[in-house]
Amino acid sequence: MKKIEQAAQLIEQNKSLFICPICRGEMRVENTSVICTSNHQFDLAKKGYINFYAKSSPKDYDKKLFEARYNVIQKGMYDRLHQKIADIIDALDHRSATIFDLGCGEGSHLQKITNKLNRSSVGIGMDIAKDGILTAAKYHQGQIWTVADLAKSPFQSGKTDILLNILSPANYQEFKRLLHTDGHLIKVIPRSNYLQEIREQVMDEKQQSYTNTEVLEHIKQHFENLEVQTIHYQWQVPPDVREDLWNMTPLTWGKEIKQPIEKVTIDLEIIIAQK
Ligand SMILES: C[S@@+](CC[C@H](N)C(=O)[O-])C[C@H]1O[C@@H](n2cnc3c(N)ncnc32)[C@H](O)[C@@H]1O
Ligand SMILES: [Zn+2]
């Protein structure tokens with residue numbers, strides 16, 4: 001089956017999750033188009049994704065960054081994070097989970113986490129960057145890939161069991177709208193030593209210190225029952241992805257690599273929240 005047909009089939013099976021981003025009407029699938037009750041039409045791309053974002057994507061996150069992220073993530077940089085998130089989801093009470101990844105980038109997190117789950121799941125990735133979703137659809141099968149703005153997402157209210165938001169911006173009003181009453185937000189944010197070996201090369205000493213206190217405070221204003229887990233390790237960077245490591249983050253935009261990085265610190269907070 002062609003990628004576009006696979007994508008149409010997956011959306012057809014899950015069409016009750018979608019909502020028209022223009023009029024908020026219900027959606028149906030006709031051949032390889034998704035059409036609302038007022039006939040707003042969104043065509044699936046040949047490469048197997050769908051674009052709901054009417055404007056052109058911001059240009060900052062581009063193909064080079066997403067390909068670099070894909071290479072590094074596939075080599076295992078976040079494997080321990082993925083396992084931890086899969087364990088968290090498995091321990092929650094959702095028999096079959098609908099999992100959204102908002103700001104999914106090139107899709108490896110969603111793919112790897114759902115592969116590790118001990119339960120069936122429907123994975124939907126969404127990003128405002130078309131290059132991210134193009135890369136996701138190129139490499140990962142079995143998930144629905146959508147270009148959309150997470151502040152105004154084309155999905156029904158109250159239907160998401162798990163909402164992932166990994167190293168990406170958030171819109172908590174919208175996240176609460178999407179989540180099922182028993183649903184959980186799993187948000188990953190950096191801690192102070194995250195990617196410190198890169199920070200050391202691109203920032204002066206003052207800039208290098210980072211704190212996530214403000215982000216945490218902001219979430220607390222919207223969500224109750226917050227549980228915070230920390231994950232901290234050093235990852236040995238395989239030589240063939242050392243250049244990709246440099247190119248995978250906005251931290252290095254416009255900066256030349258001084259010294260190849262052999263090991264990199266992963267220092268993250270996983271926030272699990274209910275509305
Ligand atoms: C640092 S990247 C992280 C991507 C991915 N979660 C990962 O960890 O590889 C931040 C992502 O957020 C996306 N993003 C920023 N604003 C967004 C918005 N309003 N709606 C959807 N995605 C957005 C960017 O396009 C980018 O892919
Ligand atoms: Zn419509």
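Okay, let's start at the ligand: a nitrogen atom of ligand 1 sits 2.8 Å from an N or O atom in the side chain of Asp-149, which makes a polar contact, meaning a pair of N or O atoms within 3.5 Å. Taken alone, ligand 1 exposes 600 Å², and the protein buries 90% of that (Shrake-Rupley areas, 1.4 Å probe).

Quick housekeeping: this is a predicted model, where local features need pLDDT of at least 70, side-chain atom pairs count only at pLDDT 80 or more, and totals for chains, interfaces and linings use all residues. Residues are numbered from 1 along each chain as written, chains are lettered from A and ligands numbered from 1 in the order written, and side-chain values use heavy atoms, leaving out hydrogens and water.

Back to the site. Arg-69 puts a polar side-chain atom 2.6 Å from an oxygen atom of ligand 1, and a polar backbone atom of Ile-166 is 2.8 Å from a ligand nitrogen. Altogether 17 residues surround the ligand, with Gly-103, His-109 and Asp-127 among the closest (a heavy atom within 4 Å).

Now, strand E7, residues 144-147; strands here are DSSP runs of at least two residues, helices H or I runs of at least four, numbered from the N terminus. What covers its faces? Well, Ile-144 and Thr-146 on one side and Trp-145 and Val-147 on the other are all buried (under 20% relative accessible area, 1.4 Å probe, protein chains only).

E6, residues 121-127, runs parallel to E7 over four bridges (pairing takes at least two DSSP bridges), and Met-126 partners Thr-146.

Conventions:
Buried < 20%, exposed > 50% of the residue type's maximum accessible area, 1.4 Å probe, protein only. Polar contact = N/O pair within 3.5 Å; in protein donor to acceptor, adjacent residues only side chain to side chain.
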